[in-house]
Amino acid sequence: MHFITGKHLPRRTFLKAAGATVALPFLESMVPAGAFRAKAAAPDRTRLVCIEEVHGLAGCNNWGAGKFLYAPETTGSDFKLVPDNPLNTIEAYRDAMTIVSNTDVRMAEAMTLPEIGGDHFRSSAVFLTQSHPKQTQGSDLWAGTSLDQIYAKKYGQATPMPSMQFCIENLDQAGGCTYNYSCAYTDSISWASPNEPLPMIRDPRVAFDMLFGAGATAADRAARRETRKSVLDWITGEVERTRRQLGASDRTRLDRYLDNVREIERRIQAVEAQNRGGDQRALPDAPAGVPDSFSEHMRLLFDLQVLALETDMTRIISFKTGRDAQNRVFPESGSNQPFHPASHHGNREERIMEFNKICKYRMSQLAYFLEKMKTTHVEEGTLLDKTLVIWGSPMADPNIHNHRRCPLVLLGRANGALKGNVHLKAADGTPMANVMLALLHALGVDDMKTFGDSTGEFSFTAPAATTVA
């Protein structure tokens, strides 16, 4: 094997053929032999995944908070999650869970009279920028540079794609939205600069073709799909030549990875075939590659994100899982209420719990992603060990468009920067930007003194366990 003979494969090894490029996952044969080479290797940069939830949570209004439907009753590592807390759906991963409660996203609040009521149309632009968007429907957009893109500018250039942006809902609404806000503020959570929102990928087929170079042009890609051949069929010879150079454990890992790629491609093909079959669709305007099922769509995009991280095609991902003020119904949640109307629960207990059904269902999608991350091995650990996942919302209580005490959960161990299994309650009035500034420092962006409306750096040192007031 390479790591015994002193030879090794480059960390970014690609199997190439006409119209197809498949990056390999981490293999033992990519580890340089000898301590000197190991020390000379490039720094193991933490992977970053930022996931936005819209409409806050049912546990962020006064009644829901009193029932501990989001923030647990106690801080520290002995916190308990009540059965109706949406975080219960991912409690199996609590050893990689850091709950940060009681932070505010004041930059999403109205600051002038004309901005009152426009919370849904500026909140997403605030989540990762923690900056107040300029109210405009013109080209003079202004928000802030988002956390993911700050990290991408400093460290993302070392990967084939500095970052990738994903979304679930239709976000291609050009021009102006409501309350005199450009739809660009609603359509993206990633901002390369204060006036440059980045487009997000909704169609799993588009993401698959980006990752695997499946055709040089759109016509090439369409022609390849017509053959019904897998992208892997084009690189069969390259696969066999590579397998002959690998040891037994690497061959097993390579085979498992290629099987996974083929299975994801098969699922995308099945969705496309079903959606082109002529039956009435639940999402008639969505591309053929977009499943009508929210859960299947989430799983496909999560699978593609894991592949992108596993192969080091990128180390930075943002994922927008909803669109503000959307009226989608999620039957699998047990509720038949549309998402946005359900969020305006009127502080009625039964309606808060109805909205909570949707919150639990949407949160439960993370379990699939976390399990994939936990079982995917990379350099000296798993993706869950090596990744920082930021899950949160720029809104707290959606019933009154409140942005105080917003939900924020950090998942993964971030290359040792987070220990997990802890609930930290911020002091009253703490901006969420303080947490994000601390995370940027943990990611190696040491030269940032402030971020958004930060007033300091949040501490992840857990104090003695206390009961939340």
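Visitor: I clicked on Phe330. Buried or exposed?
Guide: Phe330 counts as buried, because its relative accessibility is 1%. Keep in mind that this is a predicted model.

Visitor: Okay, and what about Tyr361? Buried or exposed?
Guide: Tyr361 is buried too, since its relative accessibility is 8%. The two rings pair up: their centres are 6.0 Å apart and their planes sit at 45°, so the pair is called tilted.

Visitor: Why tilted?
Guide: Planes under 30 degrees apart would count as stacked and planes over 60 as edge-to-face, so whatever falls in between is tilted. The 45° of Phe330 and Tyr361 makes their pair tilted.

Visitor: Where do the two sit in the chain?
Guide: Phe330 is in the loop between S8 and helix H12 (339–343), while Tyr361 is in helix H13.

Visitor: Which residues form the aromatic cluster with them?
Guide: The cluster consists of Phe294, Phe330, Phe339, Phe355 and Tyr361. And how many aromatic pairs does the model have? The count comes to 13.

Visitor: Switching topic: how many residues are in the largest nonpolar core?
Guide: That core has 122 residues. Those touching the most other members are Leu48, Ile51, Ile90, Phe212, Leu388, Ile390 and Phe451. Helix H13 (residues 349–374) gives the largest share, 11 residues.

Visitor: Which residues does Ile90 touch?
Guide: Leaving out residues up to four places away in sequence, Ile90 touches Met97, Met363, Leu366, Ala367, Leu370 and Leu411. There's also another core apart from the largest one, with 10 residues, including Phe121 and Trp191.

Visitor: Is there some general idea behind cores like that, or what should I remember?
Guide: In soluble globular proteins, nonpolar side chains tend to be buried together.

Visitor: Now the sheet. What's the strand order?
Guide: It's an open sheet of seven strands, in the order S5-S8-S3-S11-S12-S4-S13, with mixed pairing. Strand S5 (164–167) and S13 stand at the edges with a single partner strand each, so one side of each has no neighbour in the sheet. On average, neighbouring strands are turned by 15° against each other, ignoring direction.

Visitor: How many bridges are there between S3 and S8?
Guide: Five bridges, with strand S3 (residues 47–52) and strand S8 (residues 316–320) pairing in the parallel sense. As an example, Val49 has Ile317 in S8 as its bridge partner.

Visitor: Which strands does H5 touch when it packs on the sheet?
Guide: H5 touches S3, S5, S8 and S11, and its direction makes about 160° with that of S3. H15 packs on the sheet as well, touching S4, S11, S12 and S13, at about 125° to the direction of S13.

Visitor: Tell me about H15. How many of its residues are buried?
Guide: Helix H15 (residues 432–442) is mostly covered, with 10 of its 11 residues buried. Among the buried ones are Met432, Asn434 and His441. Besides the strands, the buried residues of H15 pack against helix H4 (123–127) and helix H5 (147–155). Just after the helix, Gly444 takes a positive phi of about 100°.

Visitor: What about cysteines? Which ones form a disulfide?
Guide: Cys177 and Cys183 do, with sulfur atoms 2.0 Å apart. The count is one disulfide. The link is right-handed, with 105° about the S-S bond. Cys177 is buried at 14% relative accessibility, and Cys183 is buried at 1%.

Visitor: Last one: where does Val239 lie?
Guide: Val239 lies in helix H9 (residues 236–243). It counts as buried because its relative accessibility is 9%. Not counting residues up to four places away in sequence, Val239 touches Leu15 and Leu258.

Key. Residues are numbered from 1 along each chain as its sequence is written. This is a predicted model: local features need pLDDT of at least 70, side-chain atom pairs count only at pLDDT 80 or more; totals for chains, interfaces and linings use all residues. Side-chain values use heavy atoms; hydrogens and water are left out. A nonpolar core is a set of buried Ala, Val, Leu, Ile, Met, Phe, Trp, Tyr and Cys residues joined through side-chain atoms within 4.5 Å. Buried means under 20% relative accessible area, exposed over 50%, partly exposed in between (1.4 Å probe, protein chains only). Helices (H or I, at least four residues) and strands (E, at least two) are DSSP runs, numbered from the N terminus. Contact means heavy atoms within 4.5 Å. A disulfide is a pair of cysteine sulfur atoms within 2.5 Å. Two strands pair if DSSP finds at least two bridges between them. Axes are lines fitted to C-alpha atoms, for helices over the stretch in contact, and angles run from 0 to 180 degrees between N-to-C directions. Rings of Phe, Tyr and Trp (its six-membered ring) pair if their centres lie within 6.5 Å; planes under 30 degrees apart count as stacked, over 60 as edge-to-face and the rest as tilted.
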